[in-house]
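The following questions and answers concern the structure shown below.

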Amino acid sequence: MSTVYMDHNATTPVDTRVVEAMLPYFSESFGNPSSPYELAARSRHAVDAAREQVSTAIGAGPEDIVFTSGGTESDNIAIKGVLFRARDERAHVVSSAIEHHAVLHTLQYMRDRFGFDVTFVPVGGDGRVDPRAVEDALRPETVLISIMHANNETGVIQPLSEIARIARERSVTLHTDAVQSVGKIPLDVSELGVDLLSLSAHKLYGPKGVGALYVRPGVKLDPLSHGGGHEAGLRPGTENTPGIVGLAEALRIATEHLAEEGERLAALTKRLQVGALGSIPEVLLNGAEKHRIPGTLNLAFKHVEGESVVLSLDMEGFAVSTGSACTTDSDEPSHVLSAMGVAPRDAQGSVRFGLGRSTKSDDVDRLLDVLPGVVERLRAMSPTYRRSA
Ligand code: PLP
C-alpha cells in the first residue's frame, strides 16, 4: 500500500526539476564559489543567479538575500542579530504566543540568558494576532517585532501589513517567519512592509538544510557566526551551492504556478473540511478559514487523542500529523491551539492535514471514506466518550 502524504507543512518531497538543477553542482561544477579559476566561477555564477531568482520571487533586490541553512537559522540570525546589535539589555521585543519554536525558544533564550525583555501578545480564537495588541505592547525600548506570516499548525495568515504600518510609524524593525507562506501565497516584501523575512526550501519542494533571510537595506544585524566574509558577513561559511540552486529553482516553480495551485489546494482543503465536519459528529475547526493558506486544515476530534488518529490513519496509508513536526514527542497540548483558547482535551485531539502538490481529489475522497470509521473506533474505546454518549 503506498502512503498518501498529507503532511506538507512538515516537509515536502524535492521536485524532480529541482533535483535536476542541483545535480551538476555536486560532482561536476563543485568548485568553491570563492576560488579564482573557471571551475569555481561556475559555482559563483550559479549562486549569483540563485540570489537573483530568490530575490525576484519575493520582490527584493539580490543584495538583500542572505543564504542560510533553513528557517531556524534565518530566525536566529534575525532575532539575535537585532538584539545583539542593540547593545542594550533593556531592549524589548514584541512577538506572539503562536510563533514556531524557532522564534519562541530563541526569544525565551535571549530573555533568560541575557535579560532582554519580550512580550508575547495573545491571539484570538481565530488564531490571529490583533495589530492593536502589538501596538499596545510597544515601548520606547522596543527594538523588534517578530510575528509569523502564516502559522504552521493552523495555516492562519497574520495581519502583517497592518503590523508593518505600526512598526514603521514607531521605527521598530519588523521580522516575519514566512516559512509556511513563501511559495503558497503571493508575497512581496515591499508590499508586506517587513524588514526581515525567513524562508526555507524544504517547505516548498526544495532540499532540506537551506533557506534564506531577507534583510531590508539599512537594517543592521550583528552576525552570530564569524569566519569568512560570505553572505555579507552575516552567514560565513562556504556556500551550499547545490542547496542554494535547489532553493532558487523550487521558488521559481512555486511562483510560476502559485495562483492555480493555490485555488486547487483551497478547493481540496474545503472539500476535506466540509466532508469531515459533515460525516463525523463533534469535530471542531481550529483557526479562521477566511485567513488560511491553501492546503492546511486543523481539526479537533473530541473524545480521542490526535496521536491515535495519526497512528490509525498511518495504518490506513495516510501520513498526517498532530501539528508541529518538531514537537511530536511532547505530551503537552499545542501551544498554538492553547493560545487560541482551545480546551486542552480538544487540543490533544487535534490533527493537521497538510495537502500539497501530490494531493489529488481521489486522495481526499479516500481519506473521507476511512476517517469517520477511524474516529468512531477510537471513540468506542474512549471512556470519556462512552460516558457522554
Ligand atoms: N518556522 C516555521 C513556521 C516552520 O514551520 C518551520 C518548520 O517546521 C521552521 C520555522 C523551521 O524551518 P527549518 O526546518 O528550515 O529550520
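Q: Which residues gather in a patch of negative charge on the surface?
A: This model is predicted. One member of the patch, E332, is found in the loop between β11 (318-319) and α12 (335-339). E332 is exposed, because its relative accessible area is 61%, and exposed means over 50%. The residues that gather in the patch are E305, E307, D331 and E332.

Q: Against which elements do the buried residues of α11 pack?
A: Helix α11 spans residues 306-315, and its buried residues are G306, V309, V310, S312 and L313. Just after this helix, G317 takes a positive phi of about 95 degrees. The elements against which the buried residues of α11 pack are β11, α13 (344-348), β12 (350-354) and α14 (361-380).

Q: Is V304 buried or exposed?
A: V304 sits in the loop between β10 (296-301) and α11. Leaving aside neighbours within four places in sequence, V304 is in contact with V309, Q348, G349, V375, L378 and R379. The C-alpha atoms of V304 and S350 are separated by 8.7 Å, although these residues are 46 residues apart along the chain. With a relative accessible area of 6%, where buried means under 20%, V304 is therefore buried.

Q: What is the phi of R87?
A: Most residues other than glycine have a negative phi. R87 lies in the loop between α4 (71-86) and β3 (92-96), and at 62% relative accessibility it counts as exposed. R87 is not a glycine, yet its phi is positive, at about 45 degrees.

Q: Where is E282 found?
A: E282 is a residue other than glycine with a positive phi, near 55 degrees. Its relative accessible area of 38% makes E282 partly exposed. E282 is found in the loop between α10 (258-279) and β9 (283-285).

Q: Which residues does Q273 touch, not counting residues up to four places away in sequence?
A: Q273 lies in helix α10. Its relative accessible area is 4%, so Q273 is buried. Not counting residues up to four places away in sequence, Q273 touches L285, E289, R292 and L297.

Q: How many residues apart in sequence are the parts that the pair D117 and R139 ties together?
A: The side chains of D117 and R139 meet in a salt bridge, at 2.8 Å from N to O. D117 lies in strand β4 (residues 117-121) and R139 in the loop between α6 (131-137) and β5 (142-146), so the parts tied together are apart in sequence by 22 residues.

Q: By about how much of a helix are R252 and E249 separated?
A: R252 forms a salt bridge with E249, and the closest N and O atoms are 2.9 Å apart. R252 is partly exposed at 31% relative accessible area, whereas E249 counts as buried at 13%. Because they are 3 residues apart in helix α9 (residues 241-256), R252 and E249 are separated by about one helical turn.

Q: In which helices do R271 and D365 lie?
A: The side chains of R271 and D365 meet in a salt bridge, with 2.9 Å from N to O. The pair ties together parts that are 94 residues apart in sequence, so the two residues belong to separate elements: R271 to helix α10 and D365 to helix α14.

Q: Which residues form a nonpolar patch on the surface?
A: F26, a member of the patch, is in helix α2 (residues 24-27) and is partly exposed at 47% relative accessible area. Together the patch residues have about 320 Å² of accessible area, and they are V14, V19, L23 and F26.

Conventions. Residues numbered from 1 in each chain as written. Predicted model: local features only at pLDDT ≥ 70, side-chain atom pairs only at ≥ 80, totals over all residues. Heavy atoms only, no water. Patch = residues over 30% accessible without salt bridge, like charges linked within 9 Å, V, L, I, M, F, W, Y side chains within 5 Å. Areas by Shrake-Rupley, 256 points an atom, 1.4 Å probe, with all protein chains shown as cover. Salt bridge = Lys/Arg side-chain N within 4 Å of Asp/Glu carboxyl O. Lys, Arg positive; Asp, Glu negative; His and termini not counted. Charge placed at Lys NZ, Arg CZ, Asp CG, Glu CD. Helix = DSSP H or I, 4+ residues; strand = E, 2+ residues; numbered from the N terminus. Buried < 20%, exposed > 50% of the residue type's maximum accessible area, 1.4 Å probe, protein only. Contact = heavy atoms within 4.5 Å.
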